[in-house]
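Please look at the chain shown below and follow how its parts pack against one another.

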Amino acid sequence: MPMCHLSQRAYNMCTSCHVLFRELHKIVFLIYLCFGLKDLIKDLKSELSGHVEELILALFMPATYYDAWSLHHAMKGAGTKESVLIEILCSRTNAEIRNIVQCYKSEFGRDIEKDIRSDTSGHFERLLVSMCQGNRDESPNVNMQQAESDAQRLYQAGEGKLGTDESSFNLVLASRSYPQLKAVAEAYARVSSVK
Ligand SMILES: [Ca+2]
């Protein structure tokens, strides 16, 4: 039976693992049964489970859908996989975040902000809620003076005092551009080493 491009990719990645190999056969069969991607994803979900489900869905899902699915899985049921929330919400572009929020609503019928609020608390909750607004500065320019003052501010809000003023961290982490945050981290290393 000929294989489509995606299943060939999945096949090449996974031939060394017997469990995955068996599951991939199911998928090849499913591809020929259902040609619509949406139906295919639905069928894959009902056929697979656990890490195999996650690997295969990662290969087949559009990136936005996979992020929304991962966030939903990280929060649904008991407990929360905080590392997944951080990895996705703290690294995507504003446009990607907005698409993920929209996809979360349309595919899972839920409001991501409400789910974050019910699954997390305190400053971590506020940080994640800020992140899912998709309002990060995306200018490619780095302002060294601002990086220096942010580093000073973070030092004073954390290491330089008893306890931590988390709101300063939230402000910087949620709003500065990624290149700017890199400059803040470098400035912070200098500030903390001379104090
Ligand atoms: Ca939960």
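What follows is a short report on this model, arranged by topic.

## Basis of the description

This is a predicted model, in which local features need pLDDT of at least 70 and side-chain atom pairs count only at pLDDT 80 or more, while totals for chains, interfaces and linings use all residues. Residues are numbered from 1 along each chain as its sequence is written.

## Overall architecture

The chain contains 12 helices and 0 strands, where helices (H or I, at least four residues) and strands (E, at least two) are DSSP runs numbered from the N terminus. Of its 195 residues, 24% are buried; a residue counts as buried if 20 or more other C-beta atoms lie within 10 Å of its own, as exposed if 12 or fewer do, and as partly exposed in between, with C-beta atoms placed from the backbone.

Two residues are in contact if their C-beta atoms, placed from the backbone, lie within 7 Å. Among the contacts with a separation of 6 or more, 57% join residues 24 or more positions apart.

## The nonpolar cores

In soluble globular proteins, nonpolar side chains tend to be buried together. A nonpolar core is here a set of buried Ala, Val, Leu, Ile, Met, Phe, Trp, Tyr and Cys residues joined through C-beta atoms within 7 Å. The largest nonpolar core has 20 residues, and those with the most contacts inside it are Ala 68, Leu 71, Tyr 104, Leu 128 and Cys 132. Two or more residues of this core come from each of H5, H6, helix H7 (94-108), H8 and H9, and H5 gives the largest share, 6 residues.

Cys 132, leaving aside its neighbours within four places in sequence, is in contact with Leu 89, Ile 97, Val 101, Ile 112, Glu 113 and Ile 116. A second, separate core of 8 residues includes Ala 147, Val 172, Val 184 and Val 191.

## Helices H8 and H9

Two packed helices are described by the angle between their axes and the distance between the axes. Axes are lines fitted to C-alpha atoms, for helices over the stretch in contact, and angles run from 0 to 180 degrees between N-to-C directions. The axes of H8 (residues 112-119) and H9 (residues 122-131) come within 9 Å and cross at roughly 170°, and the two helices are therefore roughly antiparallel; angles under 35 degrees count as roughly parallel, over 145 as roughly antiparallel, 65 to 115 as roughly perpendicular and the rest as oblique.

Glu 113, Ile 116 and Arg 117 of H8 meet Glu 125, Leu 128 and Val 129 of H9.

The axes of H10 (residues 144-157) and H11 (residues 166-175) come within 8 Å and cross at roughly 150°, which makes H10 roughly antiparallel to H11. Asp 150, Arg 153, Leu 154 and Ala 157 in H10 meet Ser 168, Phe 169 and Val 172 in H11.

H10 also packs with H12 (residues 178-194), at an angle of about 55° and with the axes 8 Å apart, and that makes H10 oblique to H12. Residues of this contact include Ala 147 and Leu 154 of H10 and Val 184 and Val 191 of H12.

## An exposed loop residue

Ala 78 lies in the loop between helix H5 (63-75) and helix H6 (82-89). Ala 78 is exposed, with 4 other C-beta atoms within 10 Å. The C-alpha atoms of Ala 78 and Asp 119, which are 41 residues apart along the chain, are separated by 9.1 Å.
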